[in-house]
Amino acid sequence: MKMMSGAAMVVEALKDVGVKHVFGYPGGAVLDIYDALFAQDDVEHVLVRHEQAAAHMADGYARATGKTGTVLVTSGPGATNTITGIATAYMDSIPMVILSGQVPSMHIGEDAFQETDMVGCSRPIVKHSFLVKRAVDIPEAIAKAYYIANTGRPGPVVVDLPKDLVNVQEEHPYHFPADVTMRSYNPTEKGHPRQVKKAVKSLIKAKRPVLYVGGGAIASEASARVIQLAEQLHAPVTCTLMGLGAFPGTHEQFLGMLGMHGTLEANKAMHNADCILALGARFDDRVTNNVAKFCPHADIIHVDIDPASISKTVNAHIPVVGSVDTVLEQILEQLADKELADQQHKLSEWWEQIAQWRTRQCLNYEDSASVIKPQKVIQALYKHTNGDAYVSSDVGQHQMFAALYYPFKNPRQWINSGGLGTMGFGLPAAMGVQFAHRDAVSVVVTGDGSIQMNIQELSTCLQYNLPVKIISLNNRALGMVRQWQDMIYKGRHSHSYMDSMPDFVKLAEAYGHVGIRVDKLEDLDAAMEKCFSYTDRLVFMDIQVDQNEHVYPMQIKFGAMDDMRLSKTERT
Amino acid sequence: MKRIISVLMENAPGALSRIVGVFSQRGYNVDSLCVAPTDDPSLSRLTITTHGDDKVIEQITKQVNKLIDVLKVVDLTDGTHIERELMLVKVATRTEGMRAEVKRNADIFRARIVDVNATNYTIEITGTTDKLDAFSTTMNQCAEIIESSRTGVCGLARGERALRP
């Protein structure tokens, strides 16, 4: 058996797990681990400028690949700075392992320098956590952490490592478990056959079915089967904010995103459906609107790997616990035997109805010759990237515009903080994406508010030569807050206006990057072209957009799914 | 409606705080809580009494079951079960008459006097929550309760059913 220090064990265990990138920031409690990292080339460490960004980078990396993202931070402030990033990953079920340093065991509880109870601080926002007590337990704790993070419903796992355990002076036997089994943790992958049978029966019977696809379809790599099922049933498909890309945004059966800022046709179809197949979606309040008025005519089939998600907010008539991909495989097996030949004919009335809703063209907006409409920028971005870019987003109006006006063709192409709604997520996430896909185009759609919440990472981008493209929709305001103030608070713009914007072009240049400012609509195309011609440089596009634009459609509070405002003056 | 939820979990540091955390995070009620290692010292059994409608209880059992340290969760009130709680109560017995009355009532409730001195008795009683409540009321009527301590409910299902790993 190999003998090594606790610090070397940490690095060795990461290698054994297959970790290629670690996003982190050194400090007193993890100096031994950093020393062990120094002596090897298998695991690349990325030095961030703020630990929150390390967590978002690991998160973006995980979303773009499906692999677990890894974070390494010191005790106390290093650990607490990751909390927002951990909560972001937890809400969106993203696999992540956070290795945090801790003060030496004998000082735990003494309020020692840079001590925080990280296991306690992170408890409500992790899938699980470990406070390692003995150096020999390090490999097993790390193996379990990765196993837990990326099986079942994925999520973040914290491993807290007291400094005395990783001391480089003391050596211990290293044993990495070949296989992890836990008697208390056995996620259900396969759906119960009786439930699957019921689901198939309901789908075959349906005259107005809708597939409602969430982030779980992406987590379980179910995209191909979602398409297969949709096509065999000839059923319309809508995706949640987290599910975009699981079904191609360009497919003729795609109705667009559903929910608060969903399309009219998606929300109408949901409301009028007689059968809803929810695939890895959790009936979030930003989807359902008033649950009492939610989809009154539908039999709800809910497929989810997390039993606690089923019937949490909306009662499921046919619950199926299991991985979306596995359950779809089971459904497709049974469907093959059934008569599907006349699906097209059977659903023709349904499609006629949908076609009629589509004629409203709810994503049309009032164009302008004098100001740049934010929607226009996203459409230009789509054109200049052929719809192939990885698009990360911050949180606010720009996020909704990106979700609505950039039809994602593939899963993992759209990276956003859907559940927690974390401003400052976008730039570090896009950097994580770029580390995962070095040759791909990694774009962040952001705003003047969000970008300033993690702008320091421009420095990290220079150090690692990350050619991220920043598309900042600058409306000199916190757009979504302003929109709600317009709609609900009689236009009183309380603290949603920023009176001291930096010169973003100079800022980008100060960090060693390229900055482009766009003021006029006629310059937009050329500027975009220029931006994407810099294949090896980070470009910051500061685009001055209409300050008064709102995101529509928008559900009306307390209403049904399809009670919506379609513009500043029209409603359903 | 009152429910008794039994949880079998790893006897690991932090496991209890995770369970209690689920209750506080999600706004569920804890009426009593009782926890100790089982015959297998690597496992702990926790009994929690709570109240809520069926939907809330379903969520509680699912959310607790979701914790990595938790092996099994059952709602004992779903079937026939035995529940017991233990209470120690110290009552002031300043007069001969009070001493006799307290002793008589303790006998009626099948409680035991476990400590005696010149001015008070300490009495041990086990039973259901209702029985302990009734005993408290009686003691308050015939003497003065100085202090009392209750364990919270623990319970087992009747018959063949058992909570095992």
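Helix H7 (residues 138-149) of chain A lies across E5, E6 and strand E7 (156-162) of chain A, and its direction makes an angle of about 165° with that of E7(A). Here helices (H or I, at least four residues) and strands (E, at least two) are DSSP runs numbered from the N terminus, while axes are lines fitted to C-alpha atoms, for helices over the stretch in contact, with angles from 0 to 180 degrees between N-to-C directions. Two residues are in contact if their C-beta atoms, placed from the backbone, lie within 7 Å.

This is a predicted model, in which local features need pLDDT of at least 70 and side-chain atom pairs count only at pLDDT 80 or more, whereas totals for chains, interfaces and linings use all residues. Residues are numbered from 1 along each chain as its sequence is written, and chains are lettered from A and ligands numbered from 1 in the order in which they are written.

In chain A, six strands form an open, parallel sheet in the order E3-E2-E4-E5-E7-E6, where two strands pair if DSSP finds at least two bridges between them. The edge strands, each pairing on one side only, are listed here.

| Edge strand | Residues |
|---|---|
| E3 (chain A) | residues 44-47 |
| E6 (chain A) | residues 128-131 |

Neighbouring strands of this sheet are turned by 20° against each other on average, direction ignored. Within chain A, strand E4 (residues 69-73) runs parallel to strand E5 (residues 96-102), and five bridges join them; Thr70(A) stands opposite Val97(A) in E5(A).

Between the chains, 14 residues of chain A are in contact with 16 residues of chain B.
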